[in-house]
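This briefing goes through one structure by topic. Please have the sequence and the model open while reading.

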Amino acid sequence: MSAAEKIKAIGDSMVSGASTIGSSISKTMTSVGALMRRDNNKGNLPDKKGEIQELKQQLSDPTIENDQSKKRELLQRVIGFTTMGLDTSKLFDRMIMNVNTKDIVQKKMVYHYISHYARQNSELAILVINTLSRDCRDESPIVRGLALRSLSSLRIPKLTEHLVPLIKEGLNDPSPYVRKNAVISIAKLFKVSANDVRCENFVDKLYEMIRDKDAQVVVNAIRALNEIEEEGVEVTKKMVYHLLNKLNANEYNEWQLTEIISLLLKYKPESNEEIFEIMNLLDDKLELSNASVIMAITNLFLNYTQNMPKNHSRVYARLKDPLLLLFASSSPELAYSILQHLKFMISRSPQVFQSNFKDFFIKHNDPSYLKELKLDVLTLLANENNVQEIMDELGYYVALGDNTMSISRKAIRSLGEIAVRISYATEASLTHLLDFLEMGVVHVISETMIVLKDILRKYHDMEFCHAYLPSITRHWRSIEDPEAIASFLWILGEYGREDILKPAPYILEHFIDSFSSQHYSVRNQLLTSAMKLFFIRAPEMKDMLGRLFDVAVKDTSHADVHDRALFYYRLLSANVDLARSVIMSKKEIITKFTEEESVEVRDRLFSEFNTLSIVFGKPSERFIVKDVEVLGEAIHDGGEESEEEEEEEQEEEQVEEVEEEEEQDLEERMAANEAHLLGDDFDAYDSYENVVNIVTPQSLTPQEYQQLWKSEDFESSSYQCSFGLQERPTTHDIEDALNQNNIITMASSDKKEPFMFFFYTQTNERDYILIQASVTREGLVQATFRSTKASTLESFADFFQQCFSTFM
């Protein structure tokens with residue numbers, strides 16, 4: 001018999017054996033599942049001690065040992081309890097005695113158990129080495145592969161000397177199943193002993209295995225190299241052509257094909273002709289129904305043609321049909337991910353998909369997250385040719401009523417975005433919006449007011465305002481959302497002329513009378529709108545404005561409101577004409593909103609196509625946080641960490657001790673400041689102590705602190721300050737001084753220059769303020785503050801500096 005015939009016979013035997021064993025294992029796992037369901041139906045896990053003791057006795061029972069069916073059932077119970085979360089490690093000594101079984105199903109279960117508990121029982125696990133080593137040389141390729149995989153899964157450093165020679169033998173095994181497990185074992189060995197992998201030149205061997213005849217060996221070699229090499233597989237032209245030749249012969253399954261295509265992303269073709277050859281070779285794979293394959297090909301095609309504009313647009317057209325078909329035929333969860341990628345592609349090339357806008361209409365059985373994403377896509381697809389149909393569809397979604405509140409609000413926002421982006425559609429969208437007001441539904445009216453404000457920020461035509469705005473005054477009593485109320489007040493302030501919105505001052509009076517009960521954003525907007533109306537209709541507004549200032553300057557609950565009231569009052573007191581020029585200054589016509597200017601972000605995301613970055617809509621560094629760092633400073637573990645925890649507990653106790661005294665002092669200071677406010681001389685108010693109200697903050701973990709610091713809301717509202725000290729205090733003195741003022745230390749370092757500190761606190765509005773500070777040897781303090789409320793940071797910086805007054 002020739003060598004080829006021998007190998008063919010081995011392969012046929014292996015396939016036949018694998019089929020039989022697979023059937024047995026399937027029955028076994030079904031039994032395990034039934035066992036789990038039976039115990040779950042009882043409502044509780046089985047009694048731990050009683051069950052484990054019973055299993056231990058049965059594993060030692062010689063009658064069960066001789067009955068293979070009972071023994072298999074017993075092993076099924078052990079694996080079932082382990083899968084359910086019970087600790088069956090006490091059975092380890094009994095389980096390893098069953099490793100010599102000839103039954104492949106029992107052997108698989110025993111190997112699985114040993115792999116699971118080997119690290120907890122490393123001394124006893126050594127006892128199975130001889131059996132596993134012997135099985136690695138068994139006649140059956142399935143036993144050899146299973147034994148090698150199990151041995152490498154033990155991950156006990158002492159066993160590497162036994163594992164290395166067996167891996168070498170496995171790499172040269174005639175069975176592709178064994179070679180595949182040998183390749184995977186190298187990656188497992190690297191996690192335990194990277195030196196052995198380097199010394200034995202296993203990396204070079206893995207590169208050789210990429211030229212293996214079997215596709216599963218090739219793909220697993222690539223995956224192993226990606227695990228081992230920092231930069232992943234080093235791709236060469238020879239390697240790529242070898243892989244593409246196998247691709248042409250249809251030797252890869254869908255999973256393997258995805259891996260190969262992903263690898264091709266690292267290859268830089270030498271010419272456009274080579275690019276087109278690779279793309280032509282992969283083109284017919286777009287007919288597959290596997291999402292991972294299609295998305296991988298999409299990513300490859302877009303990357304290869306990004307510097308060829310004409311071909312890039314053609315690629316979009318070629319990819320459109322496979323992606324739309326995949327989106328329409330996928331489960332909701334998969335469809336959501338595909339639609340996120342489609343949305344990204346549409347944002348870069350909307351004209352390709354605009355004719356297919358109906359494919360993104362909402363279906364009655366779509367989940368809410370998919371409906372909202374479809375509305376975003378419809379907004380991007382709108383143009384002069386299809387805008388009327390899209391707006392009619394959006395109007396239908398709004399009319400669905402209270403049962404789909406989030407969708408109707410989202411549909412109104414989408415309609416507003418279309419109106420802002422396409423001037424041709426503005427009049428039609430306003431007709432829809434005014435119809436929404438007549439529906440009398442609270443959330444629809446609120447959202448419509450918000451959208452109207454955005455439209456009016458861009459379009460200031462007076463004829464337009466005369467025609468559409470008077471009708472909005474009939475519905476203001478139905479508005480409940482603070483953002484919607486603020487938007488309505490903005491409209492009153494901007495367009496409160498007698499010929500447009502005649503009742504504007506009297507509507508405003510209602511909100512002035514209930515000033516203290518309004519949200520801070522409403523109070524802020526009320527001040528601005530009242531000032532604007534005062535300059536437009538002074539006789540009607542002068543008394544109202546006086547009452548408003550009287551209550552607003554006494555409002556210490558929010559720094560923004562208080563500061564704005566004082567600013568407006570002082571401005572009017574100083575010079576009325578100057579106040580008019582400031583408040584009523586002509587605004588530039590808005591041509592673009594910030595949300596539209598995201599080209600840079602789209603380009604950044606393009607490099608991370610086919611990843612979670614597209615699903616989240618942000619680069620990976622914004623949502624992947626390293627657990628081992630806080631703003632670049634390593635977090636110490638072990639004893640030092642527990643010492644830090646003890647210090648934090650002591651500091652919290654100190655804060656609790658002085659909390660009552662601080663609150664009493666704060667009340668006295670606020671009372672004194674209110675006395676100043678009620679007087680005639682408002683300039684006497686110079687202190688910020690009553691503006692920044694700091695409370696004992698809720699605890700943050702290092703991970704939460706870092707996530708907040710790097711979040712968009714905090715990054716966009718950063719403030720810096722610096723000041724000098726007479727000499728540099730110790731880190732303990734600085735932390736103690738700040739902790740007494742409810743500023744908590746997250747981390748600090750005095751091991752190198754300058755000293756670094758990371759603090760946090762909270763205002764009485766429960767807004768976190770994060771601080772990163774450095775103190776040099778000369779006593780220079782440099783601090784960076786971040787919060788979601790940028791307006792409080794300047795006053796907080798003064799408060800922060802006052803905390804260092806004892807060192808100045």
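In which loop is Asn356 found? Asn356 is found in the loop between α21 (350-353) and α22 (368-381). The model is a predicted one.

**Whole chain**

- The chain contains 40 helices and 8 strands.
- Of its 808 residues, 49% count as buried.
- Among contacts between residues at least 6 apart in sequence, 68% join residues at least 24 apart.

**The pair α15 and α16**

- Two packed helices are described by the angle between their axes and the distance between the axes.
- For helix α15 (residues 237-248) and helix α16 (residues 254-264), the axes come within 11 Å and cross at roughly 150 degrees.
- Angles over 145 degrees count as roughly antiparallel, so α15 is roughly antiparallel to α16.
- The crossing of α15 and α16 is left-handed.
- On the α15 side, the contact is made by Met239, Val240, Leu243, Leu244 and Leu247; on the α16 side, by Leu257, Ile260, Leu263 and Leu264.
- By class, the residues of this contact are 9 nonpolar, no polar and no charged.
- An α-helix has 3.6 residues a turn, so residues three or four places apart point the same way.

**Helix α4**

- Helix α4 covers residues 68-83, and its 16 residues should span 22 Å at 1.5 Å a residue.
- The end C-alpha atoms of α4 are 22 Å apart, which agrees with that expectation.
- Buried residues in α4 are Lys71, Leu74, Leu75, Gln76, Arg77, Val78, Ile79, Gly80, Phe81 and Thr82.
- Gly85 follows α4 and has a positive phi, near 105 degrees.

**Helix α32**

- In α32, the buried residues are Ala559, Asp560, Val561, His562, Ala565, Leu566, Tyr568, Leu571 and Leu572.

**Asn356 and its contacts**

- Asn356 has a relative accessibility of 17% and therefore counts as buried, the cut-off being under 20%.
- Leaving aside neighbours within four places in sequence, Asn356 is in contact with Lys320 and Leu324.

- Asn201 is a residue other than glycine with a positive phi, near 55 degrees.
- The loop that holds Asn201 runs between α12 (194-199) and α13 (202-209).
- With 47% relative accessibility, Asn201 counts as partly exposed.
- Asn742, also a residue other than glycine, has a positive phi near 65 degrees.
- Asn742 lies in the loop between α39 (731-739) and β5.
- The relative accessible area of Asn742 is 5%, so Asn742 is buried.

**Cis peptide bond**

- Glu753 and Pro754 are joined by a cis peptide bond, with omega about -15 degrees.
- Pro754 is in the loop between β5 (744-749) and β6 (755-763).

Terms used:
Residues numbered from 1 in each chain as written. Predicted model: local features only at pLDDT ≥ 70, side-chain atom pairs only at ≥ 80, totals over all residues. Heavy atoms only, no water. Axes fitted to C-alpha atoms, helices over the stretch in contact; angles between N-to-C directions. Helix = DSSP H or I, 4+ residues; strand = E, 2+ residues; numbered from the N terminus. Parallel < 35°, antiparallel > 145°, perpendicular 65-115°, else oblique. Left-handed = near helix turned anticlockwise from the far one by under 90°. Contact = heavy atoms within 4.5 Å. Nonpolar A, V, L, I, M, F, W, Y, C, P; charged D, E, K, R; others polar. Expected span 1.5 Å × (residues − 1). Buried < 20%, exposed > 50% of the residue type's maximum accessible area, 1.4 Å probe, protein only.
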